[in-house]
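Dear colleague,

I am handing over the structure we spoke about, and I would be grateful if you could look through it with the notes below at hand. They go from single elements to whole chains.

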Amino acid sequence: MKIKINFSSILSQLLLLFFVILWITPTFGLFISSFRDKDQLAISGWWTSLVTTEVNEIHRTKGKKDQVEDEGFYIIKGNLFKKDEGKKVLSYGVTSKNINAYKVGEVAILKDKSEITVFENGNYQLKSKSEFKKKKGRRIFITATSPPSFTLDNYKEVLFKEGLGQAFLNTIAVALPATLIPLIICSFFSYSLTWMNFFGRDLLLATIIASLVVPLQMSLIPILTIYNDLGALFNVEAKSFPGVWMAHTGFGLASTTFLLWNFMKSLPNEMLEAAKVDGASHYDTFVRIVIPLSIPAFASIFILQFLWVWNDLLVGLVFLDKHPSEIILTAKLKELLGSRGENWEILTTGAFISMTVPLFIFFSLQRFFIRGLVAGSVKG
Amino acid sequence: MNIFRIKKFILAITLLVFPTSIFAGSGHYHYDGPDISGAKIKIFGPWLAPEDASFRDVLSIFEKETGASVEYGGSDEFEQIINIDCKAGNPADIAVFPQPGLAANIAATGCLAPQGNDLKQMVLDDYAAGQSWVDLTTYADANGKDQFYGIFFRVNVKSLVWYSPDNFEDNGYEVPQTMEELISLTEKMASDGNTPWCIGLESGGATGWPATDWMEEIMLRTHPPSVYDQWVSNEMPFNDQKVIDAMNFFGTFALNDKYVAGGSKAVATTGFRDSPKGLFTSPPQCMMHRQASFIPAFFPEGVEAGVDYDFFYFPAYSSKDLGRPVLGAGTVITATNNNPATAELMKFLMHPEAHERFMGKGGFLTPHKGVDKSKYASDTFRGLHDILVGATTFRFDGSDLMPGAVGAGSFWTGMVDYTNGKSAKDVADAIQSSWDAIK
């Protein structure tokens with residue numbers, strides 16, 4: 001009996017572990033990638049950066065400008081690596097046809113009779129009896145071991161790029177009202193749908209739930225047309241922050257109302273009846289009983305709606321102008337990608353930077369979130 | 001004493017006036033617009049970093065001279081947003097279209113404002129092959145009447161092959177001058193054990209477009225430009241033998257495992273952004289890469305133009321008398337209203353100073369004849385300018401001129417199918433039937 005219980009619990013633990021790993025691995029890979037050099041990112045997987053690997057690289061020596069004359073020889077000296085990353089040269093070559101023709105420290109004799117030597121730390125020396133004439137240096141192909149190396153360049157690129165701070169503030173300016181307004185409206189609405197009797201209540205509820213199936217993409221143009229007319233009427237910009245708040249409120253209202261109604265329905269009937277007997281008005285019942293009891297549900301709806309608005313790109317693009325004072329974070333990150341997506345490495349970093357606020361919100365409201373989920377499902 | 005003062009005054013006046021009169025005569029005069037302070041102009045386009053900063057810099061000349069304020073905003077969802085804005089009736093004053101085909105679609109909805117004859121005359125006078133640029137921005141309006149809608153600003157040359165001079169030197173290869181030489185060079189590279197080409201077609205939702213450029217280049221090099229025009233307008237069906245032959249000619253490069261890096265299976269799955277990196281790996285994965293003038297933006301960091309890489313003109317057959325055809329693309333600037341401020345900005349964008357400012361920032365090529373070539377940021381662009389101006393035939397990217405469902409749809413997917421092993425005939429038939437479906 002005891003063994004059986006352990007077996008099933010081990011199985012569920014293993015299953016849990018499996019799903020955790022399944023979810024964490026790509027995130028972890030993305031995290032590692034965000035610290036990697038953009039050219040490395042393009043040619044090798046993130047797991048290769050964790051251990052010392054062998055790499056093939058092309059470097060170029062200095063040109064004729066840097067030669068010095070010494071006892072009848074012309075010499076060019078230097079180091080192949082731009083910065084010290086702990087790379088060690090194993091072998092090298094001087095043409096693309098044979099990239100590891102010489103061992104490190106070995107002297108290679110070139111077609112023009114000049115000699116070249118490459119050392120383990122990347123130092124090289126070109127030596128010739130006649131003067132070097134070429135302006136550009138000679139290519140050297142090396143095979144080297146490369147220890148794990150990471151860089152903060154991507155983060156610097158994203159964080160200190162002009163306009164990102166403003167975009168961050170813009171997103172907050174969009175996300176907070178666009179979360180709070182629907183929350184306030186739907187709390188009144190759900191209360192009345194749950195605890196007040198009026199004509200057509202069920203039909204209204206059914207309509208709201210039915211409106212969940214309308215894709216928001218369908219309503220973009222009609223709403224923008226209304227905004228244009230309103231904007232012309234009151235002589236204000238059609239694309240503005242209040243506009244995007246209203247849009248998000250409208251798009252979010254159906255689902256938030258449904259979730260909150262679902263929760264409020266599960267509150268004990270007796271408690272509200274007792275309040276009524278004691279002479280409490282609907283307003284008193286709502287403020288003193290229903291709201292305090294619904295805090296967990298509010299928190300979880302807050303998180304859901306906030307995450308939705310925070311990560312939104314489409315609504316922000318359509319209902320806001322694209323100039324710096326209105327552009328939102330997601331749109332700004334897309335802009336940083338470049339016209340043809342040439343800077344895609346900043347996506348890795350951008351993902352983590354834009355993730356910070358939702359993570360903060362989630363962890364600070366997490367205890368409500370879990371309670372909210374459980375509370376809605378168990379009828380008192 | 002008095003006379004001396006007057007003399008000094010006169011001297012000062014001459015010094016002030018004289019230099020400006022010299023510059024006014026030389027043609028590189030400074031843009032001098034009317035005072036339209038208080039006007040607000042909004043521009044919406046596809047340019048993002050780093051082009052957006054360059055373009056804003058160009059606009060700052062206009063702002064300084066006229067006192068108007070200009071706001072540029074860019075998005076890579078340009079196509080969707082301009083459609084939404086136009087339907088909702090609130091587009092930006094000026095729209096920068098990445099392709100003329102899209103501009104034609106929007107013009108047909110009546111959202112764009114036709115431009116006057118003076119702007120048209122400026123294009124005819126100032127651009128090399130001015131008439132072809134005017135034709136490319138003349139579209140049917142909502143009533144089906146042909147109108148002139150805008151100007152090309154920032155063009156791309158496509159007919160280029162990128163290579164590493166060092167890799168060519170190591171192997172003793174010469175830059176080919178004719179298509180015959182290019183074909184024999186490809187064979188020679190393969191027999192030497194090198195891989196001649198890097199071809200990558202993957203580009204997210206636009207996967208396949210680099211292959212459409214190949215098709216267009218081949219069509220221009222195997223048939224007269226009139227055939228090309230018939231093909232693009234579908235007067236000649238897509239499944240004509242000429243097109244099928246062109247596709248099979250592309251196949252001799254792309255479907256030969258020895259001719260293309262990673263083998264023919266990798267062609268459709270390799271990103272067009274990553275594909276040229278094969279020129280710079282150790283050992284090199286390929287020797288040549290055919291792509292438009294923008295591609296150096298995707299080369300690895302630190303490689304230098306003229307040292308680590310160079311380009312040559314994708315050559316034409318010496319046996320066919322078709323001249324030096326050049327394929328290109330470009331962005332079209334159009335206006336959505338005829339406000340005086342908007343019209344002035346359109347004129348400003350035809351001014352050499354606007355072009356020269358962008359040229360100096362890099363990544364900008366112009367057919368404007370009045371610009372000072374030394375203002376280009378690099379020799380690469382001076383070389384490209386020569387190719388553009390030296391073209392005997394200039395044709396616009398055909399897939400951009402075809403209807404969206406074909407040029408940005410079935411043509412792309414068809415080319416992917418072709419590299420995955422479907423026969424050229426089947427692919428051409430499928431593309432033609434998708435074209436018939438929208439007629």
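A residue is called buried here when its relative accessible area is under 20%, with only the protein chains counting as cover. Please keep in mind throughout that this is a predicted model.

With that cut-off, the buried residues of helix H2 of chain B are Glu51(B), Asp52(B), Ser54(B), Phe55(B), Val58(B), Leu59(B), Ile61(B), Phe62(B) and Thr66(B). The helix itself runs over residues 51–66, and the distance from its first C-alpha to its last is 23 Å, close to the 22 Å expected for its 16 residues at 1.5 Å a residue. After H2(B) comes Gly67(B), which has a positive phi near 80 degrees.

Helix H3 of chain B, residues 78–88, has its own buried set, made up of Phe78(B), Ile81(B), Ile82(B), Ile84(B), Asp85(B), Cys86(B) and Ala88(B). What covers them? The cover includes elements of both chains: from chain A, helix H6 (220–234) and helix H10 (314–319), and from chain B, strand E1 (40–45), strand E3 (94–97) and helix H4 (100–108). Here too a glycine with positive phi comes just after the helix, namely Gly89(B), at about 85 degrees.

Arg154(B), which is not a glycine, has a positive phi near 80 degrees; Arg154(B) is placed in strand E6, residues 150–157 of chain B, and is buried, because its relative accessible area of 12% is under the 20% cut-off. Asn234(B) likewise has a positive phi, near 70 degrees, but its place is in the loop between helix H10 (225–233) and H11 of chain B; with a relative accessible area of 7%, Asn234(B) is buried as well. The peptide bond from Ser282(B) to Pro283(B) is cis, with omega near -5 degrees, and Pro283(B) belongs to the loop that links helix H11 (241–254) to strand E8 (288–290) of chain B.

The C-alpha trace of chain A spans about 110 × 75 × 30 Å along its principal axes, and 41% of its 380 residues are buried. Carbon and sulfur atoms hold 65% of its accessible surface of about 21,800 Å², and its side chains include 39 positive and 31 negative ones, the centres of the two sets lying 6 Å apart.

Chain B, for its part, has 17 helices and 11 strands. Its radius of gyration of 24 Å is close to the 22 Å given by the globule rule for 439 residues, so chain B is as compact as a globular protein of that length. Of those 439 residues, 56% are buried, and carbon and sulfur atoms account for 53% of an accessible surface of about 17,500 Å². Chain B carries 33 positive and 54 negative side chains, and the centres of these two sets are 5 Å apart.

Technical notes: Residues are numbered from 1 along each chain as its sequence is written. Chains are lettered from A and ligands numbered from 1 in the order in which they are written. Side-chain values use heavy atoms; hydrogens and water are left out. Buried means under 20% relative accessible area, exposed over 50%, partly exposed in between (1.4 Å probe, protein chains only). Accessible areas come from the Shrake-Rupley method with a 1.4 Å probe; for residues, only the protein chains shown count as cover. Lys and Arg count as positive and Asp and Glu as negative; His and the chain ends are not counted. The place of a charge is taken as NZ of Lys, CZ of Arg, CG of Asp or CD of Glu. Helices (H or I, at least four residues) and strands (E, at least two) are DSSP runs, numbered from the N terminus. The expected span of a helix is 1.5 Å times one less than its number of residues. Contact means heavy atoms within 4.5 Å. The radius of gyration is taken over C-alpha atoms; the globule rule is 2.2 Å times the number of residues to the power 0.38.
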